[in-house]
Amino acid sequence: MSIESRKATEDDLKTIENQLGRTPRDVHAISYRCPCGKAAVVETPPRLSNGEPFPTFYYATCPRLTAAISTLETTGMMEEMTSRLETDAELAGAYAAAHDDYIAARSALKIDVPEIENISAGGMPNRVKCLHSLIAHSLSAGPGVNPLGDEALAELPEWWKHLSCE
């Protein structure tokens with residue numbers, strides 16, 4: 001996604017407000033748009049304007065996307081993935097690299113937040129505790145960066161197909 005298409009417009013911010021049911025906090029950029037064209041994942045700076053540290057750099061806003069992920073979280077997938085991390089060295093290495101990618105992307109904003117240094121999201125790098133974070137990372141970074149986010153994303157229905165994400 002080009003830098004210009006990532007910049008949140010006033011329409012994007014209104015859409016996100018409708019999606020979340022509240023005023024969005026400190027949207028830095030749109031990191032993923034649904035096929036319908038609406039914002040679905042935003043980048044949030046590591047320190048909010050109120051001073052609060054915020055490690056969740058990629059934040060899913062589309063309610064149809066987040067509902068589909070919530071349903072997926074009830075299937076036992078996170079526990080199965082965490083078990084695999086304990087026994088599959090290649091997967092564990094790729095997941096650790098995803099953790100590093102997440103931190104590098106957030107660090108590129110050049111906002112020093114010692115409170116969350118080396119903290120990513122979703123349980124990375126050692127476990128899986130939130131598919132929302134992993135899928136948001138996969139959608140934003142693209143395929144091949146977060147192996148478990150990619151796996152979970154592949155299990156989602158096409159949430160955008162029948163209704164707009166607004």
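**View 1. Arginine 33 meets alanine 39 in a pair of strands.** In β2, alanine 39 is the bridge partner of arginine 33. A quick note before we go on: this is a predicted model, where local features need pLDDT of at least 70 and side-chain atom pairs count only at pLDDT 80 or more, while totals for chains, interfaces and linings use all residues. Residues are numbered from 1 along each chain as its sequence is written, and side-chain values use heavy atoms, with hydrogens and water left out. Back to the strands: β1 and β2 (residues 39-43) run antiparallel and are joined by 4 bridges. Two strands count as paired if DSSP finds at least two bridges between them. Strands here are DSSP runs of E with at least two residues, helices are runs of H or I with at least four, and both are numbered from the N terminus. The hairpin of β1 and β2 has 5 residues between the strands, and glycine 37 takes a positive phi near 100° there.

**View 2. Tyrosine 32 sits in β1.** Look for tyrosine 32 in strand β1, which covers residues 29-33. Is tyrosine 32 buried or exposed? Tyrosine 32 counts as buried because its relative accessibility is 16%. The cut-offs are simple: buried means under 20% relative accessible area, exposed means over 50%, and partly exposed is in between, using a 1.4 Å probe and protein chains only. β1 is mostly covered, with 4 of its 5 residues buried. Now follow the chain for 13 residues, from tyrosine 32 to proline 45: their C-alpha atoms are separated by 16 Å.

**View 3. Threonine 44 and its contacts.** Threonine 44 is in the loop between β2 and β3 (58-60). Which residues is threonine 44 in contact with, leaving aside its neighbours within four places in sequence? They are Arg25, Asp26, Phe54, Thr56, Phe57 and Tyr59. Contact here means heavy atoms within 4.5 Å.

View 4. On a 1 Å grid over the protein atoms alone, a cavity is a set of points where a 1.4 Å probe fits but cannot get out; a pocket is an open set with protein on both sides within 12 Å along at least five of seven lines, and lining residues have an atom within 4 Å of a point. Grid points are joined across faces, edges and corners, and a volume is the space filled by probe spheres set on the points. The largest cavity holds about 90 Å³ of space. Its lining includes Thr44, along with Phe54 and Tyr59. Sorted by class, that lining has 7 nonpolar, 2 polar and 2 charged residues. Ala, Val, Leu, Ile, Met, Phe, Trp, Tyr, Cys and Pro count as nonpolar, Asp, Glu, Lys and Arg as charged, and the others, Gly among them, as polar.

View 5. How much space lies in the largest pocket? About 190 Å³. Among the lining residues are Pro46, Ile103, Lys110 and Asn118. The classes come out as 6 nonpolar, 2 polar and 4 charged. Lysine 110 lies in the loop between α5 and α6 and has a phi near 60°, a positive value in a residue other than glycine. Lysine 110 counts as exposed because its relative accessible area is 74%. Asparagine 118 is found in the loop between α5 and α6, and its phi, near 65°, is positive too. Asparagine 118 is exposed, with a relative accessible area of 53%.

**View 6. A cis peptide bond at proline 125.** Proline 125 is in the loop between α5 (89-107) and α6 (131-141). The peptide bond from methionine 124 to proline 125 is cis, with omega near 5°.

View 7. Alanine 68 lies in helix α3, residues 63-73. It is buried, with a relative accessible area of 13%. Alanine 68 and leucine 156 are 88 residues apart in sequence, yet 6.4 Å apart in space, C-alpha to C-alpha. Not counting residues up to four places away in sequence, alanine 68 touches Leu156 and Pro157.

View 8. A disulfide is a covalent bond between the sulfur atoms of two cysteines. The cut-off used here is a pair of cysteine sulfur atoms within 2.5 Å, and a search of the whole structure finds 0 disulfides. The closest cysteine sulfur to that of cysteine 130 is in cysteine 62, 15 Å away, so it is too far for a bond.
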